[in-house]
Amino acid sequence: MTATLRSARILAVITALVAVLACASGLAVAAEGGRVPMPQIPKAQGGQCVASIDDMRRNHMNLLKHERDASVHLGERKAKAQLDDCLTCHAVNGANGKPVTYDDGRHFCRTCHDYAAVSVDCFQCHASVPKAATKSAEGKGARLGNGQDRLQ
Ligand code: HEC
Ligand code: HEC
Ligand code: HEC
């Protein structure tokens, strides 16, 4: 093998390597949301979720509806998964340092729902901020736009 041929081969190997690396970094950028927009899900505070992240991503609606049915229809008042608990760990603070309501696109539950065009009616009755944040001067819940009290 001549010296030129050998260096031509080495050059070919290097070119191929560079191409592979460029491809891989391109993929990494896409996965981080470079080209494909992904929902920006705010980080939770506090301990672990009530189930694994994978399970929660897929099944939180079933869990919530199951608990609602148990509570509303069967009268079980010690629901395992209380909506208020979800909101406590998943509260997102606005500029004023107070948790934002579901009217705000930054609300934890809305980040994905807006992305996936899901609409839920839950917060017409339930407060969308943790109980601690709904306390007003009269000790009532966070109010709806029409002045009605929300469930806490
Ligand atoms: C003790 C705190 C805590 C409670 C209570 C809690 N979570 Fe979580 N949740 C977490 C943590 C921590 C994660 C992992 C992701 C993170 O760190 O933000 C998570 C992840 C999730 C995810 C997946 C988010 C993602 O990044 O894909 C969903 C959906 C979710 N929780 C919904 C709920 C719902 C609904 C409830 C109420 C039934 C709830 N969580 C109660 C702490 C909590
Ligand atoms: C028409 C009003 C209304 C709507 C809409 C509504 N709920 Fe409720 N929900 C209630 C009432 C009333 C209770 C019983 C409250 C109690 O036991 O103190 C309840 C209880 C619950 C409970 C168990 C207790 C708790 O505080 O967490 C869960 C979980 C729940 N609802 C989830 C949901 C979800 C999820 C949605 C939306 C898909 C929803 N609810 C929509 C009125 C409503
Ligand atoms: C990781 C993304 C993500 C987060 C965070 C999230 N959701 Fe969802 N949620 C979805 C998706 C996607 C669907 C639609 C699933 C389907 O249609 O199969 C959905 C559906 C639901 C449904 C059922 C709606 C229906 O029409 O039946 C309820 C109720 C619900 N979510 C409640 C919540 C609440 C409450 C929170 C905040 C505590 C929350 N979700 C946070 C992704 C998310």
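Trainee: How do the residues of the shell around ligand 2 divide into nonpolar, polar and charged?
Mentor: Bear in mind that this is a predicted model. The shell around ligand 2 holds 19 residues. They divide into 9 nonpolar, 4 polar and 6 charged.

Trainee: Which residues come nearest to ligand 2?
Mentor: Start from the 19 residues around ligand 2. The nearest of them are Arg68, Ser71, Gln82, Cys122 and Cys125.

Trainee: Which element gives the largest share of the shell around ligand 2?
Mentor: H2 and H3 each supply at least two residues there. The largest share is 6 residues, and it comes from H2.

Trainee: What about ligand 1: which residues come nearest?
Mentor: Ligand 1 has 19 residues around it. The largest share, 6 residues, comes from H2. The nearest residues are Ala44, Cys49, Ala81, Cys86 and Cys89.

Trainee: How many residues of the shell around ligand 1 are charged?
Mentor: Take the classes in turn. The shell around ligand 1 has 11 nonpolar residues and 5 polar ones. The charged residues number 3.

Trainee: Which element gives the most to the shell around ligand 3?
Mentor: 16 residues surround ligand 3, and the closest are Met61, Cys86, Cys109, Cys112 and Ala116. Two elements give two or more residues to this shell: H2 and helix H4, residues 108-116. With 6 residues, the most comes from H4.

Trainee: Why does the span of H2 agree with its 20 residues?
Mentor: Count 1.5 Å a residue.

Trainee: Where does H2 bend?
Mentor: The angle is taken between axes fitted to the seven residues ending at a position and the seven starting there. For H2 it is about 75 degrees, at Asn59.

Trainee: What pattern does the protein chain follow along the sequence?
Mentor: The secondary structure comes to 5 helices and 0 strands. Read along the sequence, the pattern is α-α-α-α-α.

Trainee: What percentage of the residues in the protein chain is buried?
Mentor: A buried residue has 20 or more other C-beta atoms within 10 Å of its own. The protein chain has 152 residues, and the buried ones make up 11%.

Technical notes:
Residues are numbered from 1 along each chain as its sequence is written. Chains are lettered from A and ligands numbered from 1 in the order in which they are written. This is a predicted model: local features need pLDDT of at least 70, side-chain atom pairs count only at pLDDT 80 or more; totals for chains, interfaces and linings use all residues. A residue is near a molecule or strand if its C-beta atom, placed from the backbone, lies within 6 Å of it. Helices (H or I, at least four residues) and strands (E, at least two) are DSSP runs, numbered from the N terminus. Ala, Val, Leu, Ile, Met, Phe, Trp, Tyr, Cys and Pro count as nonpolar, Asp, Glu, Lys and Arg as charged, and the others, Gly among them, as polar. A residue is buried if 20 or more other C-beta atoms lie within 10 Å of its own, exposed if 12 or fewer, and partly exposed in between; C-beta atoms are placed from the backbone. The expected span of a helix is 1.5 Å times one less than its number of residues.
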